[in-house]
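Please keep the sequence and the model in view while reading.

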Amino acid sequence: MTGLSPDTPLGRLIAAPMRPGRLAWIGLRPARHAAMMIPTEATLIAQTGIVGDRYRTTRNGTRQVTLIAAEDLTAIAAFLRRDAVAPELLRRNLVTSGINLVALKGQRFRIGTALLEGSGDCAPCSRIEETFGVGGYNAVRGRGGITARVIEGGTVRIGDPIERI
């Protein structure tokens with residue numbers, strides 16, 4: 001899915017095994033500017049997104065689910081000179097732990113009973129400066145996570161493993 005031949009050195013590295021991560025947090029945005037809902041499980045619908053999230057689509061778009069790594073939240077907090085950054089401040093759907101999300105771009109991966117495909121970067125939005133103040137955008141830049149499509153629907157729960165397929 002990366003477009004690289006598995007017969008090349010880089011292709012072999014990209015296709016190499018990777019340790020699974022886990023799902024650490026779930027957040028849903030029911031409406032624009034609405035407070036995040038933080039359930040312990042969520043239902044993903046193929047080609048649509050997450051039930052109860054405002055970005056749910058009927059067009060099989062690339063931004064059906066957004067993911068960010070807990071490790072990147074820690075780095076963002078350090079760049080902002082804060083002790084921590086709450087996941088809901090970045091308005092992503094899923095927080096992962098123990099897996100490099102960049103390695104999932106263009107790849108299929110399973111969380112719970114759902115199958116997803118990394119579809120791109122999730123760049124910070126213009127509201128980041130409102131949320132974090134001056135320098136907020138650059139603190140998140142390159143660490144905003146990824147977007148994904150839902151290939152097969154299913155249920156995801158906090159603690160579920162995340163495994164590349």
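Is C125 buried, partly exposed or exposed?

C125 counts as partly exposed, because its relative accessibility is 32%; here buried means under 20% relative accessible area, exposed means over 50%, and partly exposed lies in between, with a 1.4 Å probe and protein chains only. C122, by contrast, is buried, at a relative accessible area of 2%.

If a disulfide is taken as a pair of cysteine sulfur atoms within 2.5 Å, the count comes to zero. C122 is in no disulfide, the nearest cysteine sulfur being that of C125, 8.7 Å away. Seen from C125, the closest cysteine sulfur is in C122, and the separation of 8.7 Å is too far for a bond.

## Basis of the values

The model is predicted, so local features need pLDDT of at least 70 and side-chain atom pairs count only at pLDDT 80 or more, while totals for chains, interfaces and linings use all residues. Residues are numbered from 1 along each chain as its sequence is written, and side-chain values use heavy atoms, with hydrogens and water left out.

Strands are DSSP runs of E with at least two residues, numbered from the N terminus, and two of them pair if DSSP finds at least two bridges between them. Strand β2 spans residues 41-45, with A42 and L44 on its covered face and E41, T43 and I45 on the uncovered one. In a regular strand the side chains alternate between the two faces of the sheet.

Strand β9 (residues 154-157) pairs with β2 in the antiparallel sense over four bridges, and within β9 the bridge partner of T43 is T155. Strand β3 (residues 49-50) also pairs with β2 in the antiparallel sense, over two bridges, and in β3 G49 stands opposite I45. β2 and β3 form a hairpin with three residues between them, where Q47 in the turn has a positive phi of about 60 degrees.
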